[in-house]
Amino acid sequence: MTAMCDMAFLLLTFFILTAKMKTPEPASFDVPSSVATMKLPEKDVIRLSISDQGGVFFTIGDQGLRRQIIDVYSKTYRMPLSDKQKLEYELMETWGMPSSDLPIYLSMSDTKKKNYKQKGIPVDSTNNELQRWVAVAKSINPDLRVAIKGDKDANYEHFQKVIDAMRDMNLLHFSLITNLETKPSNL
Amino acid sequence: MAEINTGGGGDKSGKKRSKKMSTKVDMTPMVDLAFLLITFFMLATTLQKQQIMQLVMPPKINDKVIDPPEIKASNAITLILGKEDKVYWYVIQDEGQPEFNETDFSDIGIRTVLLERKQKVGDNLNVIIKPMTDSKYKNVVDIIDELAITGINRYIIDKVTINDLQLVAAENGMNP
């Protein structure tokens with residue numbers, strides 16, 4: 001009994017420590033499935049998520065990098081932010097809104113933030129903020145790779161806009177995030 | 001005072017037995033809970049692993065381009081992804097009007113078409129994927145996946161031309 005109990009707790013500790021808490025995301029992204037088996041690297045990834053409504057969301061997993069990004073971005077594009085707002089940004093893993101809304105959102109209370117509907121980062125040819133954010137991130141860490149997490153039902157044109165924006169910046173390698181599907185056995 | 005002086009009398013055994021009994025604790029509920037949590041964390045962690053599919057796009061064409069490599073028209077197959085999970089495909093032959101066909105994403109649909117072409121043309125087969133703007137992102141992933149399954153490595157994602165859209169419209173007009 002004691003031995004089993006020890007084992008159980010050892011495993012429990014292991015799984016608790018290795019588990020990564022899932023942070024709440026501003027929109028749901030139901031990814032398509034494929035037979036690809038490559039794993040998504042945990043480090044050096046910019047994740048661009050496309051919701052079924054076509055909103056584009058920006059994810060950086062590393063908190064330190066997020067801090068650097070907001071510092072550089074607010075300086076380069078003259079977006080004055082207080083230290084408190086920058087801290088709020090630092091704690092945000094995934095977000096998507098025009099940068100004109102960002103300072104207001106960052107000073108909102110938690111309950112107000114929950115009710116705020118994030119629309120996505122603009123990717124239009126006249127106002128391509130996505131390119132700015134990716135350029136800032138790449139300037140801090142050139143090793144960053146672009147992963148795209150698209151919702152199944154997102155229209156292709158939204159995906160094309162994102163891809164075209166990245167191609168303009170000469171980023172040509174993409175990792176499309178998919179769920180695992182078993183390969184058909186008759187081939 | 002008398003208890004301290006005695007070395008090891010039989011009269012002490014009664015006290016010891018009562019202490020031992022109190023050390024036994026029923027661990028069953030704790031272990032149950034531990035296993036329940038293990039199961040939860042095991043499932044929660046394995047579900048989060050995500051797979052990626054690599055996609056490489058050609059660079060944007062600007063002034064200082066190197067000529068794009070030319071391919072034989074009959075070695076290429078063009079797939080147009082339409083709305084409602086439809087796939088249209090055609091092969092430009094050396095002579096005559098290309099035949100325009102409609103199929104779907106099932107095993108007997110696009111996969112057979114691709115396998116057939118691959119058998120005919122061999123490894124030189126080039127696939128041109130043209131998703132229409134109202135096709136879904138899922139369709140694009142599915143078609144790249146289908147190419148991975150059939151073992152076709154040469155493909156490109158391109159934009160639909162007006163000509164393609166007209167062909168699709170004509171196809172839909174003929175069989176509504």
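A salt bridge is counted where a side-chain nitrogen of Lys or Arg lies within 4 Å of a carboxyl oxygen of Asp or Glu. By this rule, nine salt bridges are found over all chains. The model is predicted, so that local features need pLDDT of at least 70 and side-chain atom pairs count only at pLDDT 80 or more, whereas totals for chains, interfaces and linings use all residues. Residues are numbered from 1 along each chain as its sequence is written, chains are lettered from A and ligands numbered from 1 in the order in which they are written, and side-chain values use heavy atoms, with hydrogens and water left out.

Chain A holds seven helices and seven strands, taken as DSSP runs numbered from the N terminus (helices H or I, at least four residues; strands E, at least two). Their order along the sequence is α-β-β-β-β-α-α-β-α-α-α-β-α-β. The C-alpha atoms of chain A fill a box of roughly 65 × 50 × 35 Å along the principal axes. In helix α2 (residues 63–76) of chain A, A:R67 and A:D71 are separated by about one helical turn because they are four residues apart. The side chains of A:R67 and A:D71 form a salt bridge, at 3.6 Å from N to O.

In chain B, five strands make up an open sheet of mixed pairing, in the order β4-β3-β2-β5-β6; two strands pair if DSSP finds at least two bridges between them. β4 (99–103) and β6 (155–157) of chain B each have a single partner strand and stand at the edges, so one side of each is left without a neighbour in the sheet. Neighbouring strands of this sheet are turned by 20° against each other on average, direction ignored. Axes here are lines fitted to C-alpha atoms, for helices over the stretch in contact, and angles run from 0 to 180 degrees between N-to-C directions. Strands β2 (residues 76–81) and β5 (residues 126–131) of chain B pair in the parallel sense over six bridges, with B:N126 in β5(B) as the bridge partner of B:A76. Helix α5 (residues 137–150) of chain B lies across β2, β5 and β6 of chain B and runs at about 170° to β5(B).

The contact between the chains (heavy atoms within 4.5 Å) takes 54 residues from chain A and 43 residues from chain B. About 4,700 Å² is buried between chain B and chain A, with 67% given by carbon and sulfur atoms; buried area is the accessible area (1.4 Å probe) that two parts lose on being put together, summed over both. B:Q51, B:I52 and B:Y137 supply 19% of the area that chain B buries against chain A, more than any other three residues. One salt bridge is found across this interface. B:K159 and A:D164 form a salt bridge, with their closest N and O atoms 3.4 Å apart.

A:P184, in the segment after β7 (173–180) of chain A, touches B:R111 and B:I149, residues up to four places away in sequence not being counted. The C-alpha atoms of A:P184 and A:L130 are separated by 38 Å.
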